[in-house]
Amino acid sequence: MPTTNPAEAMFAADEASRGLGIELVEHGEGRAVLRMTVTRAMVNGHGLAHGGYVFLLADTAFACACNSHGPVTVAAGADITFVAPAHEGDVLVARAEERTRFGRSGIYDVSVLRGDEAIAEFRGRSRTVRDTTKESR
């Protein structure tokens, strides 16, 4: 059965995220839940999950949430605050929720959790890409 949901279609084409074992667990209008297990290859020199991988998980959840409405939407910017370390073997869940959309812009919050414990808080700012095919006619 072909995927018709924009978030599913985008995630299916995201080889970078899927190659790291990230799974799209749940999605809907303006929201998404993704999961990733921290592997040995994701651990830094301190024995902790590298922040780049935690950011990537949050960013992918953000992308799924902001693309759930249909038009192609990209990140205009994002910030992350690391709250607690993650370790090899930890299962991290990123929960993305839309806060607001206005014009071609949006704001989304993503919580990265290990069980009930916060690992990181991410805020993403989105921008819907203009349909340049209509402008060139």
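This briefing describes strand pairing, salt bridges, aromatic contacts and a surface patch in one protein structure. The model is predicted. Across the whole structure, a search finds 10 salt bridges and 3 aromatic pairs. Strand S6, which covers residues 117-128, pairs antiparallel with S3, and strand S5 also runs antiparallel to S6.

**Strand pairing**

- Strands S3 and S6 are joined by 9 bridges. Within this pairing, threonine 81 has glutamate 121 in S6 as its bridge partner.
- Strand S5, made of residues 105-114, is connected to S6 by 10 bridges. Here glycine 106 stands opposite serine 126 of S6.
- S5 and S6 form a hairpin with 2 residues between the strands, and glycine 115 in this hairpin adopts a positive phi near 65°.
- In a regular strand, side chains alternate between the two faces of the sheet.

- Glutamate 23 and arginine 35 form a salt bridge in which the closest N and O atoms are 3.2 Å apart. Because glutamate 23 belongs to strand S1 (residues 23-28) and arginine 35 to strand S2 (residues 31-37), the pair ties together parts that are 12 residues apart in sequence. Glutamate 23 is partly exposed at 38% relative accessibility, and arginine 35 is partly exposed at 31%.
- Arginine 125 forms a salt bridge with aspartate 79, with 3.0 Å between the closest N and O atoms. This pair links distant parts of the chain, since arginine 125 lies in strand S6 and aspartate 79 in strand S3, 46 residues apart. Arginine 125 counts as partly exposed at 33% relative accessibility, and aspartate 79 is partly exposed with a relative accessible area of 46%.
- Aspartate 109 forms a salt bridge with arginine 123, the closest N and O atoms lying 2.6 Å apart. Aspartate 109 is in strand S5 and arginine 123 is in strand S6, 14 residues apart. Aspartate 109 is buried, with a relative accessible area of 17%, whereas arginine 123 is partly exposed at 38% relative accessibility. Salt bridges with shared partners connect Glu97, Arg99, Asp109 and Arg123 in one network.

**Aromatic and nonpolar groups**

- One aromatic cluster consists of Phe55, Phe62, Tyr108 and Phe122.
- Val72, Val74 and Val129 make up a nonpolar patch on the surface, and together they have about 240 Å² of accessible area.

Terms used
Residues are numbered from 1 along each chain as its sequence is written. This is a predicted model: local features need pLDDT of at least 70, side-chain atom pairs count only at pLDDT 80 or more; totals for chains, interfaces and linings use all residues. Side-chain values use heavy atoms; hydrogens and water are left out. Rings of Phe, Tyr and Trp (its six-membered ring) pair if their centres lie within 6.5 Å; planes under 30 degrees apart count as stacked, over 60 as edge-to-face and the rest as tilted. Patches are made of residues with over 30% relative accessible area and no salt bridge: like charges are joined within 9 Å, nonpolar side chains (Val, Leu, Ile, Met, Phe, Trp, Tyr) within 5 Å. Accessible areas come from the Shrake-Rupley method with a 1.4 Å probe; for residues, only the protein chains shown count as cover. A salt bridge is a side-chain nitrogen of Lys or Arg within 4 Å of a carboxyl oxygen of Asp or Glu. Two strands pair if DSSP finds at least two bridges between them. Helices (H or I, at least four residues) and strands (E, at least two) are DSSP runs, numbered from the N terminus. Buried means under 20% relative accessible area, exposed over 50%, partly exposed in between (1.4 Å probe, protein chains only).
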